[in-house]
Amino acid sequence: MACSLSALVLAGCGSNNGEGKSADGDSSNGKQQKLVISTWGFAEDFYNKEVYAPFEKAHNVKIVLETGNNADRLSKIMQGSSDVDVIYLSDYYAQQGIEAGAFEKIDRSHLKNLDHIYDIAKAPNGEDYGPAYTVGQLGIAYDPKAAGTKIESWSDLWKPELKGKLTMPSITSTSGPMMVDAASKTAGSADFNEDKAFEKLTALNPSVVKYYSKTSEFVNMFTQGEAAAGPIMQMYLSDLQKADPGIEFVTPKEGAYAIINTLNVVKGSKNKELAEEFIDWQLSQEVQEKAAKAKVDSPANKDVKLTDEEAKGVTYGADVVEKLQKLDMAFVNSHLKTWTDRFNREVTR
């Protein structure tokens with residue numbers, strides 16, 4: 001590939017409470033509508049109180065949730081076995097949905113808060129599709145004492161002091177492709193070089209205790225003293241520090257990677273305009289500020305104001321967000337099968 005992957009520049013649980021598609025209710029005549037939302041089920045108490053309940057009251061609507069991980073929820077949408085109106089997905093899975101024709105094109109005139117969010121969040125998968133409501137970062141968490149060395153960059157993961165102390169994301173996880181890009185950079189490539197990336201990942205393998213596919217596995221490894229360093233999303237720092245207060249989070253000097261979660265309207269929704277109003281509500285300063293202060297989501301709305309204490313563990317401020325590296329998800333999706341095959345054959349063989 002002739003250009004840098006970064007220049008072109010991937011979080012789930014729950015149960016299924018789906019009750020079917022909305023009737024063609026009209027709040028103007030007093031009949032309550034139903035809006036079916038597909039999400040992870042993360043921070044349910046916060047979302048129920050601060051996001052869903054106010055919207056239900058303002059629009060005379062009943063919100064029904066379908067919860068689960070990215071892959072399972074998207075699969076239901078693409079199979080036509082779900083009655084979802086709005087879906088929360090990482091930009092990685094949103095790109096798959098776009099390529100499968102699973103989403104409606106967004107009417108951006110209904111998104112009044114769009115001008116108030118960071119540029120990186122406005123159209124992460126293209127102008128026709130949904131914005132990001134949160135922009136976090138993937139950096140490195142480590143215990144300086146257990147690691148026995150200082151970590152300041154992605155390249156530091158290759159230090160010999162970390163042999164047998166690393167945990168890394170699996171290639172099929174949200175952040176797996178980011179490590180392919182980071183390995184290419186560490187190999188000295190200005191432009192993305194797949195062969196050099198896999199050479200570096202193969203060289204790193206002896207240092208890796210385990211490749212994690214769930215964040216809970218990462219936290220457990222640190223809790224049990226099995227790992228001393230590894231790439232992780234900043235939002236999980238507080239969980240790590242509960243287990244080990246000495247753990248630090250590093251934004252690598254080469255740049256952290258943007259963790260972007262999106263909202264889209266599902267193809268065939270009978271409540272498209274209402275769904276877009278819900279997306280706009282999620283982008284509002286009111287919701288974004290409450291979510292940031294509760295340490296639930298890093299804000300995409302640039303009008304959010306946080307104190308230094310409130311900003312701890314949150315990806316916050318233009319000086320941070322505008323420096324994040326964003327992968328080209330269309331490119332990632334088109335190469336992921338090849339990367340997965342190479343990872344299994346060359347890196348973890």
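**Aromatic pairs and a helix crossing in a predicted model**

A search of the whole structure, which is a predicted model, finds 16 aromatic pairs.

User: What is the geometry of the aromatic pair formed by Phe55 and Phe278?

Analyst: The ring centres of Phe55 and Phe278 lie 5.3 Å apart, and their planes stand at 90° to each other. Planes over 60 degrees apart count as edge-to-face. The geometry of Phe55 and Phe278 is therefore edge-to-face.

User: How many residues apart are Phe55 and Phe278, and in which helices do they lie?

Analyst: Phe55 belongs to helix α1 and Phe278 to helix α10, so the pair links distant parts of the chain. Their separation is 223 residues.

User: Is Phe55 buried or exposed?

Analyst: The relative accessibility of Phe55 is 2%. The cut-off for burial is under 20% relative accessible area, so Phe55 counts as buried.

User: Which residues of α10 meet α1, and how many residues in the contact are nonpolar?

Analyst: From α1, the residues in contact are Tyr47, Glu50, Val51, Tyr52, Pro54, Phe55 and His59. Their counterparts in α10 are Leu274, Glu277, Phe278, Trp281 and Gln282. By class, the contact has 2 polar and 2 charged residues, and the nonpolar residues number 8.

User: Which strands does the pair of Tyr88 and Tyr133 tie together?

Analyst: Tyr88 and Tyr133 form an edge-to-face pair, at 5.1 Å centre to centre and 85° between the planes. Tyr88 is buried at 1% relative accessible area, and Tyr133 is buried at 3%. The two residues are 45 residues apart in sequence, and the strands that hold them are β3 (residues 86-90) and β4 (residues 132-142).

User: Which residues do ring pairs link into a cluster?

Analyst: The cluster includes both residues of the Phe55 and Phe278 pair, as well as Tyr88 and Tyr133.

User: How far apart in space are Ala71 and Tyr93?

Analyst: Ala71 lies in helix α2 (residues 70-79) and is partly exposed, with a relative accessible area of 35%. Ala71 and Tyr93 are 22 residues apart in sequence. Their C-alpha to C-alpha distance is 7.2 Å.

Conventions: Residues numbered from 1 in each chain as written. Predicted model: local features only at pLDDT ≥ 70, side-chain atom pairs only at ≥ 80, totals over all residues. Heavy atoms only, no water. Contact = heavy atoms within 4.5 Å. Helix = DSSP H or I, 4+ residues; strand = E, 2+ residues; numbered from the N terminus. Nonpolar A, V, L, I, M, F, W, Y, C, P; charged D, E, K, R; others polar. Buried < 20%, exposed > 50% of the residue type's maximum accessible area, 1.4 Å probe, protein only. Phe/Tyr/Trp six-rings, centres within 6.5 Å; stacked < 30°, edge-to-face > 60°.
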